[in-house]
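Please consult the sequence and the structure shown below.

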Amino acid sequence: MTQIIVGENEGIESALRRFKREVSKAGIFPDIRKHRHFETPLQKRKRKAIAKHKQRKRSFHN
């Protein structure tokens with residue numbers, strides 16, 4: 001779980017910015033998208049195309 005400690009004189013905007021940066025570094029957003037119950041057809045095609053590209057790239061290097 002990502003958490004930040006807000007400084008005594010730190011504004012809420014900068015704390016929120018730091019939190020968003022930490023969440024992004026931790027890779028939480030892609031994980032949430034991956035575990036969604038509903039995926040639009042466009043998202044499904046895009047995810048499959050990326051997976052196919054990654055698989056081809058891996059098999060090319062071996």
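Which residue forms a salt bridge with R47, and how far apart are the closest N and O atoms? The partner is E39, and the closest N and O atoms lie 2.8 Å apart. A salt bridge is here a side-chain nitrogen of Lys or Arg within 4 Å of a carboxyl oxygen of Asp or Glu.

The model is predicted: local features need pLDDT of at least 70, side-chain atom pairs count only at pLDDT 80 or more, and totals for chains, interfaces and linings use all residues. Residues are numbered from 1 along each chain as its sequence is written, and side-chain values use heavy atoms, with hydrogens and water left out.

By the salt-bridge rule, the count is three. The pairs are listed in the table.

| Salt bridge | N to O distance |
|---|---|
| E10 and R18 | 3.0 Å |
| K25 and E22 | 4.0 Å |
| R47 and E39 | 2.8 Å |

Accessibility is classed by relative accessible area: buried is under 20%, exposed is over 50%, and partly exposed is in between (1.4 Å probe, protein chains only). In the R47 pair, R47 is partly exposed at 42%, and E39 is partly exposed at 26%. For the bridge between E10 and R18, E10 has a relative accessible area of 24% and is partly exposed; R18, at 29%, is also partly exposed.

K25 and E22 both belong to helix α1 (residues 12-26), where three residues, about one turn of the helix, separate them. Helices are DSSP runs (H or I, at least four residues), numbered from the N terminus. K25 is exposed at 64% relative accessibility, whereas E22 is partly exposed at 33%.

Note on methods. Helix = DSSP H or I, 4+ residues; strand = E, 2+ residues; numbered from the N terminus.
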